[in-house]
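Open the structure in your viewer and follow the stops below in order. Each one says what to select and what is found there.

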There are 2 protein chains.
Amino acid sequence: MTKETPSSSLSKNRLRLWLKLLKTSSSIEAELRRRLRDQFGSTLPRFDVMSALARTPEGLKMSEISSLLKVSNGNVTGIVERLVEDGHALRLAVPGDRRANRVKLTAAGSKAFAELAAEHEGWINEMLGEFGPEQIETLSDLLEAVLHPAEKDEKSGSAANAE
Amino acid sequence: MTKETPSSSLSKNRLRLWLKLLKTSSSIEAELRRRLRDQFGSTLPRFDVMSALARTPEGLKMSEISSLLKVSNGNVTGIVERLVEDGHALRLAVPGDRRANRVKLTAAGSKAFAELAAEHEGWINEMLGEFGPEQIETLSDLLEAVLHPAEKDEKSGSAANAE
DNA sequence: AGAAAAAACTTCAAGCCTGAAATTTTAAGC
DNA sequence: GCTTAAAATTTCAGGCTTGAAGTTTTTTCT
């Protein structure tokens, strides 16, 4: 029955861990944004939407995009709007439901995305170039544990609240 | 002299790793934003600025805040503006330099931040509750390797481009 | 069928964020 | 001392993001 001790050094170390996780993720993200902007005049959100659309050639409804990407509906409206302006996407009527739209990449959009995606993968490989298969697995498993914590084991109190 | 093979499965796995890292970080961040908003009517950027100010009771110049937090000057202008409106911060003239401002937390701001910070640490501990000292260290070291890659060893090609 | 609820979107206000272009003030070079 | 460069900020346009509120269309339930 070891109660949590929020100000223990374990607690502080978890906080530091979170800060490092955030910093790592943010720095890669910033670099990706920079390159998308400088080399392609594009953005990460646009890339994400195009990526979702590229995986589904028949197109996606607005609401499908927002639930896949876990962003708000209103947000998708704006991003798709700009994608359409750029000629990278188009909206089709959904037969039998006049509320909905099916959004698809245009040929130009598909082509542009293919180039972007290839570069993107290269960038990531460059940034994570040090990581071999074992490290990838270890890191991936640890992140998975953060994302989906296993059931709390009430019995085995870790007894690790070293001050 | 093993050249990078961008489309190898190692490359794809690095890409998946990045996606998972991003997802993990984003989901924690989203949860923090939600709680800051719902429980305190505040935001992460405000919290970050207050956190920087709390560590420096004598105050910080605008440019010091932006370089500490790695955000643009213009961005800090707006955040501090709102902090001042809320009575959480105030701006002082810097003697001898009429260009600069020294930003400080008010007493109310310090008090508010102390409460926020305590809650914040508790939230992180809750979200990373599974992680013991060894896991924290392992994860931290791996993230450190992403953040600050060691010198590329030209000699020992990892030969790990398993397709 | 007619009313009410739900679904698919869009619009909007507010805040965050950036890079570029001012502004004001200080420091440097001649 | 004067001119120029540098520094500290602010302003601005453009884009992202959310949650709330509003619109239109479809479904559900009597």
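**Stop 1: where the two chains meet**

Select chains A and B: their contact takes 42 residues from chain A and 42 residues from chain B, two residues being in contact if their C-beta atoms, placed from the backbone, lie within 7 Å. This is a predicted model, in which local features need pLDDT of at least 70 and side-chain atom pairs count only at pLDDT 80 or more, while totals for chains, interfaces and linings use all residues. Residues are numbered from 1 along each chain as its sequence is written, and chains are lettered from A and ligands numbered from 1 in the order in which they are written.

On the side of chain A that touches chain B, helix 1 of chain A gives the most, with 16 residues. Helices here are DSSP runs (H or I, at least four residues), as are strands (E, at least two), numbered from the N terminus.

**Stop 2: a helix crossing**

Now select helix 1 (residues 9–40) of chain A and helix 5 (residues 107–127) of chain B, which pack at an angle of about 85° with their axes 9 Å apart. That makes the two helices roughly perpendicular (65 to 115 degrees). Axes are lines fitted to C-alpha atoms over the stretch in contact, and angles run from 0 to 180 degrees between N-to-C directions. Show A:Ser11, A:Arg14, A:Leu15 and A:Trp18, which meet B:Glu121, B:Ile124 and B:Asn125.

**Stop 3: DNA strand D**

Finally, select DNA strand D, which 22 residues surround, A:Pro45, A:Gly74, B:Ser63, B:Gly74 and B:Ala100 being the closest. A residue counts as near if its C-beta atom, placed from the backbone, lies within 6 Å. Helix 4 of chain A gives the most to this surface, with 5 residues.

Conventions: Parallel < 35°, antiparallel > 145°, perpendicular 65-115°, else oblique.
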